[in-house]
Amino acid sequence: MKHLLFIFLLLTSAFCYSQKYVLIDKKMVLPLSYTNTVTLEHSYKNLFAVEKDKLHQFISEVEKIAAELSDTKKPLPETLTFNVGKTKFFGLKVPLAKENRLDVVLTTDCDGTKISMHLSDAKISNANNAFFINTWVKYIRSYVK
C-alpha cells in the first residue's frame with residue numbers, strides 16, 4: 001500500500017509541475033525557456049510568451065505570414081485578425097508608393113500580463129520582414145523539444 005501511495009504522489013507531482021508557457025526571446029539571443037507564470041519581468045527582458053500546447057500552431061501561423069510577405073504576386077490582405085490560444089495576431093495593410101506592406105503586431109495575455117511584439121513593421125520592406133520572420137521561426141524550431 002505504501003508503494004502505491006508513493007507512486008501516486010510521484011505521478012501527480014509530475015503533472016502539477018508541467019510548464020504552461022514557452023518564453024521566446026524577441027532578439028533571438030537566449031534559448032527558449034518554460035514557465036508556469038508570466039510576469040512583467042519577462043516583458044522587460046524582451047521575452048514573448050506562448051502557450052506550450054499551442055506552440056506548433058503559433059509557428060505555423062507565423063510561417064503563413066512570412067509566406068504572405070514573400071509572395072509578391074499575391075495581394076496582401078487588408079486586415080488580419082485571429083487568435084492562437086492567448087496570442088492575438090493583428091495585421092493591417094499599409095499602402096505605399098512602391099509596394100503595399102503588412103504591419104503585424106502580436107499580443108499575448110498570459111496570467112493578466114500583456115506582452116506585445118511587432119512581428120512585421122511597415123517601415124521595413126516586405127522582403128526584410130519575411131527574412132526576419134523566417135529567421136525567428138528557425139530560431140524557435142532549433143530549441144523546440
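User: Is Met28 buried, partly exposed or exposed?

Analyst: The model considered here is predicted. A residue is assigned to one of these classes by its relative accessible area: under 20% is buried and over 50% is exposed. Met28 has a relative accessible area of 26%, so it is partly exposed. This residue lies in the loop between strand S1 (21-25) and strand S2 (33-35).

User: What is the phi of Met28, and which other residue has a positive phi although it is not a glycine?

Analyst: For Met28, phi is near 60°, a positive value in a residue other than glycine. Asn46 also has a positive phi, of about 60°, and it is not a glycine. The position of Asn46 is the loop between helix H2 (40-44) and S3. Its relative accessibility is 25%, and Asn46 therefore counts as partly exposed.

User: How many residues apart along the chain are Met28 and Val137, and what separates their C-alpha atoms?

Analyst: Along the chain, Val137 and Met28 are 109 residues apart, while 9.8 Å separates their C-alpha atoms. Val137 belongs to helix H4 (residues 126-143). With 5% relative accessibility, Val137 counts as buried.

User: How many helices and strands does the protein chain have, and in what order do the elements run?

Analyst: There are four helices and seven strands in the protein chain. Read from the N terminus on, the order is α-β-β-α-β-α-β-β-β-β-α. The chain has 145 residues, of which 36% count as buried.

User: Which residues of H3 are buried, and where around the axis do they lie?

Analyst: The buried residues in H3 are Leu55, Phe58, Ile59, Glu61, Val62, Ile65, Ala66 and Leu69. Because they cover an arc of only 165° around the axis, they lie on the same side of H3.

User: How many aromatic pairs are there, and why is the pair of Phe48 and Phe58 called stacked?

Analyst: Two rings pair if their centres lie within 6.5 Å, and planes under 30 degrees apart count as stacked. The count comes to five aromatic pairs. The ring centres of Phe48 and Phe58 are 6.2 Å apart and their planes stand at 25°, so this pair is stacked. It links distant parts of the chain, with Phe48 in strand S3 (residues 47-51) and Phe58 in helix H3, ten residues apart. Both Phe48 and Phe58 are buried.

Phe82 and Phe89 also form a stacked pair, at 4.5 Å centre to centre and 15° between the planes. Phe82 is partly exposed at a relative accessible area of 23%, whereas Phe89 is buried at 0%.

User: Which residues do the ring pairs link into a cluster?

Analyst: The cluster consists of Phe48, Phe58, Phe82, Phe89 and Trp136, linked by ring pairs.

Methods. Residues are numbered from 1 along each chain as its sequence is written. This is a predicted model: local features need pLDDT of at least 70, side-chain atom pairs count only at pLDDT 80 or more; totals for chains, interfaces and linings use all residues. Side-chain values use heavy atoms; hydrogens and water are left out. Buried means under 20% relative accessible area, exposed over 50%, partly exposed in between (1.4 Å probe, protein chains only). Helices (H or I, at least four residues) and strands (E, at least two) are DSSP runs, numbered from the N terminus. The arc is that of the directions from the helix axis to the C-beta atoms. Rings of Phe, Tyr and Trp (its six-membered ring) pair if their centres lie within 6.5 Å; planes under 30 degrees apart count as stacked, over 60 as edge-to-face and the rest as tilted.
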